[in-house]
Amino acid sequence: MTAEPAPRIATVRVPAKVNLALRVGAPKLDNGYHPLATVFHAVDLTDEVTVRRARRFSLEVTGRFAEGVPTDHTNLAWRAVELLRDYYRQTCGVRTPLPVAISIEKNIPVAGGMAGGSADAAGALLAANTVWGNELMPGDLSAIAEELGADVPFALLGGNALGVGRGDELSTVLAQGQLHWVFCVSDQGLSTPEVYRTFDRLSGWDQMPTPETLPAWEEVPEPPEDLLQALRSGDAVEVGQHLENDLQAAAVELQPGLRDTLAAGADVGALAGIVSGSGPTIALLAASHDHAIDISVGMAALRPEVEVFVTSGPAPGARVVSTEA
Ligand code: C5P
């Protein structure tokens, strides 16, 4: 039996996420990262990453949110492919994998708190692994994903997942049914490190710990049991009652207009509204797809400067949707 030759081109679809709960502890003194207890939820708003064998490495970005996305090695998708190449050399005995051209169709808003950059990195990892002959198994890809950023492993996994540690230690969450959402996207992004810095200031974590405050510094957030129970029941109203985000106050301080978007969401009858991750995207929860459409129409009237997307979750993680020999 001869093995199938690896395809020349592979396209991977990869989802955006919203954190249904995001509990944040004090920054670790050694690396500045914050310990999290978070529930990730992948939604059906996706980027597509195509990787094709080429003469030299390159990156192009097209699509609705292409503007301003870097097309050099600073793009996380490029770093993903470089890191994968190093693993192929070091652990698979492949001397130098052939160069690839990466194309990203960018439908996930940039700097929106929806992990779009992490999604592209996850997509590039899976697509490059496919055209390089699938030498690495999913577990190995997750290890590389962790090195790229805290949200990258979840973009590979998808669905609903509890994340602890930096948010990259994942376990799948049992859940029933679909959740329907309206995402409200600001025209100005937010920098994740800046939101965390603001969170530290608001929480008093920008001071050095003292013997009195040290125990609180060392506390690690607990998983949000009530939300996990609501997800198991599949009741959207109950899920809405348990959405929470410790970074919300920081995001609202940096973009005060978010308060108006949240208030408008309540006015048009959303079950609940929350800042997505480090923001500034606001996720409004609906009872059904039709309800989400109604909310989106209401939001377009009340907040015409905000772009709205109707979507649902959980969505699958990164997956190969087409290949060409
Ligand atoms: O891991 P990633 O590069 O996506 O994180 C971006 C930034 O967000 C980090 O440089 C850090 O400032 C902040 N962050 C954090 N704690 C986490 C995740 C992210 O402080 N658990």
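Guide: Happy to. A residue is buried if 20 or more other C-beta atoms lie within 10 Å of its own, exposed if 12 or fewer, and partly exposed in between, with C-beta atoms placed from the backbone. Helices (H or I, at least four residues) and strands (E, at least two) are DSSP runs, numbered from the N terminus.

Visitor: And what kind of model is it?

Guide: This is a predicted model: local features need pLDDT of at least 70, side-chain atom pairs count only at pLDDT 80 or more, and totals for chains, interfaces and linings use all residues. Residues are numbered from 1 along each chain as its sequence is written.

Visitor: Okay, is strand S7 enclosed or exposed?

Guide: Strand S7 (residues 179-185) is largely enclosed by the rest of the structure, because seven of its seven residues are buried.

Visitor: Which residues point which way from S7?

Guide: Leu 179, Trp 181, Phe 183 and Val 185 point one way, while His 180, Val 182 and Cys 184 point the other way, and all are buried. In a regular strand the side chains alternate between the two faces of the sheet.

Visitor: Which strands pair with S7?

Guide: S7 joins strand S11 (residues 307-313) through seven bridges, running antiparallel. S7 also pairs with strand S10 (residues 282-286), again in the antiparallel sense, over five bridges. To count as a pair, two strands need at least two bridges found by DSSP. For landmarks, Val 185 has Glu 307 as its bridge partner in S11, and His 180 has Ala 286 in S10.

Visitor: Let's zoom out. How many helices and strands are there in the chain?

Guide: The chain has eleven helices and twelve strands. Its radius of gyration is 20 Å, close to the 20 Å that the globule rule gives for 325 residues, so the chain is as compact as a globular protein of that length. That radius is taken over C-alpha atoms, and the globule rule is 2.2 Å times the number of residues to the power 0.38. The C-alpha atoms fill a box of roughly 60 × 55 × 40 Å along the principal axes.

Visitor: What share of the chain counts as buried?

Guide: Of the 325 residues, 50% count as buried. As for contacts, two residues are in contact if their C-beta atoms, placed from the backbone, lie within 7 Å. Among contacts with a separation of 6 or more, 77% are between residues 24 or more positions apart.

Visitor: Which residues touch the most other members of the largest nonpolar core?

Guide: They are Ala 77, Ala 122, Ala 124, Leu 125 and Leu 285, in a core of 101 residues. A nonpolar core is a set of buried Ala, Val, Leu, Ile, Met, Phe, Trp, Tyr and Cys residues joined through C-beta atoms within 7 Å. Leaving aside neighbours within four places in sequence, Leu 125 contacts Ala 80, Leu 84, Leu 141, Ile 144 and Ala 145.

Visitor: What about Val 81, buried or exposed?

Guide: Val 81 is buried, because 26 other C-beta atoms lie within 10 Å. Val 81 sits in helix H1 (residues 76-91). Beyond four places in sequence, its contacts are Val 100, Ile 102, Ala 124 and Ala 128.

Visitor: New topic: what surrounds the ligand?

Guide: Its shell is made up of Gly 32, Tyr 33, His 34, Leu 36, Gly 149, Ala 150, Asp 151, Arg 166, Gly 167, Thr 192, Pro 193 and Tyr 196. A residue is near a molecule or strand if its C-beta atom, placed from the backbone, lies within 6 Å of it.

Visitor: Which helix gives the most to that shell?

Guide: Helix H5 (residues 192-203) does, with three residues. By class, the shell has five nonpolar, five polar and two charged residues. Here Ala, Val, Leu, Ile, Met, Phe, Trp, Tyr, Cys and Pro count as nonpolar, Asp, Glu, Lys and Arg as charged, and the others, Gly among them, as polar.

Visitor: Last one: where are the cis peptide bonds?

Guide: One joins Gly 279 and Pro 280, with omega about 10°, and Pro 280 lies in the loop between strand S9 (272-275) and S10. Another runs from Gly 313 to Pro 314, with omega near 5°. Pro 314 is in the loop between S11 and strand S12 (319-324).
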